[in-house]
Amino acid sequence: MSHSDFKQRFLFPDSDIRGELVRLEDSLTAIQGGRGPAGTTWPMVVQGLVGEAVAAVALLAGTLKFEGRLSLQAQGNGPVSLLLAECSHDGQLRALARHGEGLAFDRADIGTLLGGGTMVITIAPERGRQYQGIVPLEGETLAACLEGYFQYSEQLPTRLWLAAGNGRAAGLMLQRLPDQVATRDANNAMWQHLETLADTLRMEELLDLDADTVLRRLFHETPPRLPEPRPLRFGCTCSRERSRNALLSLGTAELQRILDEDRETTLTCDFCGASEHFDAVDLAAMLREP
């Protein structure tokens, strides 16, 4: 399998354990190429953090059984004030990060980059109510924080391995499901065995080796079943209509001020850098709406 963007599910026969493997390259390039309205370049450690976050949401979105989106948002009082990554049910990815200027990013652990804060996982179906899980940012890595989320919010034993660098990102996830196919003792034994094997994976192997090689090296004694991989790609949900709705949400007084003082305004998407311009005619039309 090539380095193209995809996620590969794998299933272990006669057990209730599944896994996902994600590889990203083109979509990560597109995400890092947007970098918001300022067009600034993220520091290398922030690029790595964004890459891990995008790989993580691609892994977690594999649990979606409906049309919708899964997002990860982390906020704290560190140099990186906001980290946000999203993945849709059909594999569209986007992400952004906001950080202070002129700050030293000499350490890459979560505590240093984001400081004390929280992480919110939001599952938003296109129909129905959304679900949110909130956990503190505890742990040195994003993977550790996400494992804490599954422990406290989902009660599903879950392990993640994330890596990013050289314009690529990758992730591996193992998850134990409720006992249905096998007994609890059999699943416990298999889980411990697979977890031990996956802990031998080096991050450079996860980034540089193709998926078939990674899975074969790790699990050659208990080869998993591999359904067809699913493609991943960069995709932004911004549009002129969404920008227009954002302006309307400001209220009549603020719209009137923009029209009187500036006669126009431009909104730029923080995810992809696309801009929507609204002139005096557009603003006046919005003011006439009920």
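The structure is a predicted model. A second open sheet is formed by six strands in the order β7-β6-β3-β4-β5-β11, and here the pairing is mixed.

- Strands of a sheet pair through backbone hydrogen bonds, either parallel or antiparallel.
- β1 and β2 are joined in the antiparallel sense over six bridges, and within this pair L11 stands opposite R18 in β2.
- The hairpin that β1 and β2 form has five residues between the strands, and in this hairpin D14 takes a positive phi near 60°.
- β1 also runs antiparallel to β10 (residues 230–231), to which two bridges join it, and the bridge partner of F6 in β10 is P231.
- β2 pairs in the antiparallel sense with β9 (residues 168–176) over eight bridges, where L21 has L172 of β9 as its bridge partner.

- β3 (residues 68–76) and β4 (residues 80–88) pair in the antiparallel sense over seven bridges, and the bridge partner of Q73 in β4 is L84.
- Helix α2 lies across β3, β4, β5 (92–99) and β6, running at about 35° to β4.
- Helix α4, in turn, lies across β3, β6 and β7, and its direction makes an angle of about 120° with β7.

**The largest pocket**

- The volume of the largest pocket is about 640 Å³, and of the 35 residues that line this pocket, R9, R18, G62, T63 and K65 are the closest to its centre.
- The elements that give two or more residues to this lining are β1 (6–11), β2 (17–24), β6 (117–125) and α4 (142–154).
- The largest share of the lining, four residues, comes from β1, the strand that pairs with β2 over six bridges.
- R18, which is among the residues closest to the centre of the largest pocket, is also the residue of β2 that stands opposite L11.
- Sorted by class, the lining of the largest pocket has 18 nonpolar, six polar and 11 charged residues.

**The second largest pocket**

- The second largest pocket has a volume of about 390 Å³, and V45, G48, L49, E52 and A164 are the closest to its centre among the 24 residues that line it.
- At least two residues of this lining are supplied by each of α1 (26–34), α2 (44–60), α3 (110–114), α4 and β8 (158–165).
- The largest share, seven residues, comes from α2, the helix that also lies across β3, β4, β5 and β6.
- The lining of the second largest pocket has, by class, 12 nonpolar, eight polar and four charged residues.
- Helix α4 gives two or more residues to the lining of the largest pocket and supplies at least two residues of the lining of the second largest pocket.

Technical notes:
Residues numbered from 1 in each chain as written. Predicted model: local features only at pLDDT ≥ 70, side-chain atom pairs only at ≥ 80, totals over all residues. Heavy atoms only, no water. 1 Å grid on protein atoms, 1.4 Å probe; cavity = no way out; pocket = protein on both sides within 12 Å on 5 of 7 lines; lining within 4 Å. Points joined across faces, edges and corners; volume = space filled by probe spheres on them. Nonpolar A, V, L, I, M, F, W, Y, C, P; charged D, E, K, R; others polar. Pairing = 2+ DSSP bridges. Contact = heavy atoms within 4.5 Å. Axes fitted to C-alpha atoms, helices over the stretch in contact; angles between N-to-C directions.
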